[in-house]
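Here is a short briefing to read alongside the structure. Shall we start with the aromatic rings and then turn to a pair of helices?

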Amino acid sequence: MTLKYLITGATGGLGAGVLSYLVANLPASEYAAASSKEENRKQFEDRGIAFRVASYDDPQTLETAFEDVENIFFVSTSTFDIEKRRKQHENFIIAAKKMNVKHLWYTSLAFGGYNSDSKADVQQCHLMTEDMLKEAGINFTSIREGLYTDAFPVFMGWYPNTPTVHLPSDGPIAFTLRSELGEANARLMIRGGYDREIVLLTAQETITFSEIVDVINETTGRNVQLELVSPEEFVRLKAGSDEGGKPEGFFKVLLSWYESISKGETSTIDPLMADLLGRQPTSPREAIRALLTENRDYEWHQNYANRG
């Protein structure tokens with residue numbers, strides 16, 4: 001029996017959001033969840049959701065999971081090891097082609113907008129994967145996802161006790177709520193089309209780091225300051241005192257992100273997300289204000305390497 005939609009990364013934030021929309025709007029026979037771990041099976045099957053194991057490091061599990069599937073939501077892996085990530089994505093694409101999957105919906109990132117010349121370290125594997133998809137001759141859509149509004153603390157190195165945010169640059173970002181991206185991605189797959197295309201899903205406004213500091217202060221009554229420093233000073237300051245315990249190498253990698261942001265690479269907005277949702281996405285300012293209103297000490301898990 002043909003399965004219409006397989007959602008990889010179903011235990012992660014974006015994949016879970018896509019799956020939730022399908023659960024609420026489609027018959028259970030049309031979709032299944034996938035993750036790399038067999039032990040995740042019970043949590044889905046207890047909810048009446050079919051489950052398949054799909055380990056990006058194990059091509060056999062990928063081939064088995066992809067059998068008789070029409071559309072796969074292809075969530076990119078999260079390792080900072082670019083070569084490992086490249087191999088994982090290559091395994092995925094080869095298995096999908098071998099199993100005659102009709103359409104891969106790949107979760108790329110919005111650095112560079114529609115251009116493919118971003119120098120941001122985090123974008124390199126996405127560009128590499130887009131090239132692999134093109135070369136494989138498989139049908140795909142590369143969805144360049146807006147940077148998560150929810151993750152603004154890690155982009156700024158801000159913690160609830162941070163009096164001064166030190167950054168090497170400022171710039172506009174079309175921050176986009178992860179929950180709304182989940183819905184928009186699901187609606188995009190259901191709509192179909194966009195064959196062998198790159199699409200951009202973003203909020204319709206941008207915000208700068210200095211403006212985020214203003215929102216933090218206005219919403220929580222804090223007096224946080226933003227201080228722009230040299231790239232070298234940024235790494236020195238953060239590596240020695242990061243509350244989340246992130247290593248020096250992490251902050252060195254971030255320098256390419258900040259340079260790209262300062263050049264406007266994250267400022268491109270596109271009407272597609274509003275069209276898919278049938279409403280305006282929540283603006284970055286409104287979203288951050290809501291997060292801080294709900295919890296003035298709002299945190300983002302990726303800011304804390306020292307929490308295991």
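Tyr56, Phe66, Phe74, Phe92 and Tyr106 are joined into a cluster by ring pairs. Please keep in mind that this is a predicted model. In total, the structure holds 16 aromatic pairs.

**Aromatic rings**

- A pair of aromatic rings is described by the distance of the centres and the angle of the planes.
- For Phe74 and Phe92, the ring centres are 3.8 Å apart and the planes lie at 5°, so this pair counts as stacked, the cut-off being under 30 degrees.
- Phe74 belongs to strand S4 (residues 69-74) and Phe92 to helix H4 (residues 82-98), so their pairing ties together parts that are 18 residues apart in sequence.
- Phe74 and Phe92 are both buried.

**A charge over a ring**

- Over the ring of Tyr304 you will find the charged end of Arg307, 3.6 Å from the ring centre.

**Helices H9 and H10**

- Two packed helices are described by the angle between their axes and the distance between the axes.
- Helix H9 (residues 231-241) packs with helix H10 (residues 248-262) at an angle of about 145°, and their axes are 9 Å apart.
- The crossing in which H9 passes H10 is right-handed.
- On the H9 side, the contact is made by Pro231, Phe234, Val235, Lys238 and Ala239; on the H10 side, Glu248, Phe251, Lys252, Leu254, Leu255 and Tyr258 meet them.
- Sorted by type, the residues of this contact between H9 and H10 are eight nonpolar, three charged and no polar.

Definitions and conventions. Residues numbered from 1 in each chain as written. Predicted model: local features only at pLDDT ≥ 70, side-chain atom pairs only at ≥ 80, totals over all residues. Heavy atoms only, no water. Axes fitted to C-alpha atoms, helices over the stretch in contact; angles between N-to-C directions. Helix = DSSP H or I, 4+ residues; strand = E, 2+ residues; numbered from the N terminus. Left-handed = near helix turned anticlockwise from the far one by under 90°. Contact = heavy atoms within 4.5 Å. Nonpolar A, V, L, I, M, F, W, Y, C, P; charged D, E, K, R; others polar. Phe/Tyr/Trp six-rings, centres within 6.5 Å; stacked < 30°, edge-to-face > 60°. Buried < 20%, exposed > 50% of the residue type's maximum accessible area, 1.4 Å probe, protein only. Lys NZ or Arg CZ within 6 Å of the ring centre and 35° of its normal.
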